[in-house]
Amino acid sequence: MITTAFPRTIPMRIRPALAPASVVAALVATAMALVWAPTDAVQGDVQRVMYVHVPSAWLAYLAFLVVFVASVGWLWSKRPVFDAIAVASAEIGVLFTGLTLIAGSIWAKPTWGVWWTWEPRLLTTAVMFVMYVGYLLLRSLSLDLERRATRSAVAGIVAVVNVPIVHLSVTWMNALHQLPSVLRPGGPALDDRMLATLIVGVVAFTILYAWMLAARVDLERARQDRVLGSLLLKRAAGA
Amino acid sequence: MSVARRTTAGASGRRLLLITALAVAVGIGWSALAALGPSAIYYLTPTEAKAKQIAPGTTARLGGQVEVGTLRYDETTRDLRFILADGVTRTLVIGRGAPPALLREGAGAVVEGVFATDGSFRASSVIAKHDEVYAPPSPSQTPPHRTP
């Protein structure tokens, strides 16, 4: 029998703080990005798009890694909470991959001169986006909780290969996208204030992720309970 | 329904699935990174394009550096010209319309278009490349194309 009694994913004491914390962090990050961080010497103010683009991309990576871990968790232990975490994280990951693509496109037009080009980083990111949209579609192919969870867990494990591929695509021989500015040999290639702003942005997005994840996991748990409840009722009526 | 039926399908089956999925993921990831990296071709360098003897009229993408002292843009005729070089081969690129603001002499560029019969390259799109280094301007310098 499926057990639905499992401790909530994020301890109750931290939970209420997530919403206000993400609002405050977002406000601080916005102020830093728009006012405090200096204007880039080469690109001008448009470089500030980075403070949305990079944290979005980070969040997409994080979300898909969590989908991977939760998928392993489901196949290993068959606890429904893992399936709930997987779907919640996948939806957030798709959202932020989309945001990464949009913000990147807005940044690309005034700097590169085009909204889009089939360059390795852009191509692999588009593939990652489509694969996780496919993951979400796969989830709607079955009403059976267990079968759906198992199928999507396999997809969630296989699809994680996109993350290192996207990350490393900029190092391929002829790419257009610039290399990572922070995680690079020889230390960050950013001005100190730019780096601090970027870090605050990443932290703000991560808190937002935790908030969204917790809310969405709760929703999925309620759905699981309802489906299981109606199943039990049906069985009781049939007996 | 199936909830009860498959509970006995068992942990071993699912864990086998888990191991298989992990193996597939590692296999795909490893081969993709090993094979895609060296073979993914976004652009050709002028030297590679020359070696391939791309026929005039065939769409191609070239990447290289804008040779210092060669970038010309005429605002009345909207004629854009520069030499794209890779250290060995120099290709004259002719385009129409204003270049992207970051197109600089000595910096990277990627052009899409076709070769003309005289060996020059007619670009339908000119893309500027920039690096991953960001910094505020030095005191004497004004930031370029600053949004008002």
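Modeller: A residue is called buried if 20 or more other C-beta atoms, placed from the backbone, lie within 10 Å of its own, exposed if 12 or fewer do, and partly exposed in between. The model here is predicted, so local features need pLDDT of at least 70 and side-chain atom pairs pLDDT 80 or more, while totals for chains, interfaces and linings use all residues. Residues are numbered from 1 along each chain as its sequence is written, and chains are lettered from A in the order in which they are written.

Biologist: Which residue is exposed, with 7 other C-beta atoms within 10 Å?

Modeller: That is Gln53(B), placed in the loop between α3 (46–52) and β1 (59–66) of chain B, where helices (H or I, at least four residues) and strands (E, at least two) are DSSP runs numbered from the N terminus.

Biologist: How should I read phi in such a loop?

Modeller: Most residues other than glycine have a negative phi. Gln53(B), however, has a positive phi near 50°, and Lys78(A), in the loop between α2 and α3 of chain A, has one of about 60° although it is not a glycine. Lys78(A) has 19 other C-beta atoms within 10 Å and is therefore partly exposed.

Biologist: What span does helix α2 of chain A reach, from its first C-alpha to its last?

Modeller: Helix α2(A), residues 50–77, reaches 40 Å, close to the 40 Å expected for its 28 residues (1.5 Å times one less than the number of residues). The helix is mostly covered, with 21 of its 28 residues buried, and Lys78(A) follows it.

Biologist: How many residues does each chain give to the contact between chain A and chain B?

Modeller: Chain A gives 50 residues and chain B gives 47. On the side of chain A that touches chain B, α2, α3, α5 (145–158), α6 (162–168) and α7 each supply at least two residues, and α5(A) gives the most, with seven.

How values were computed
Two residues are in contact if their C-beta atoms, placed from the backbone, lie within 7 Å.
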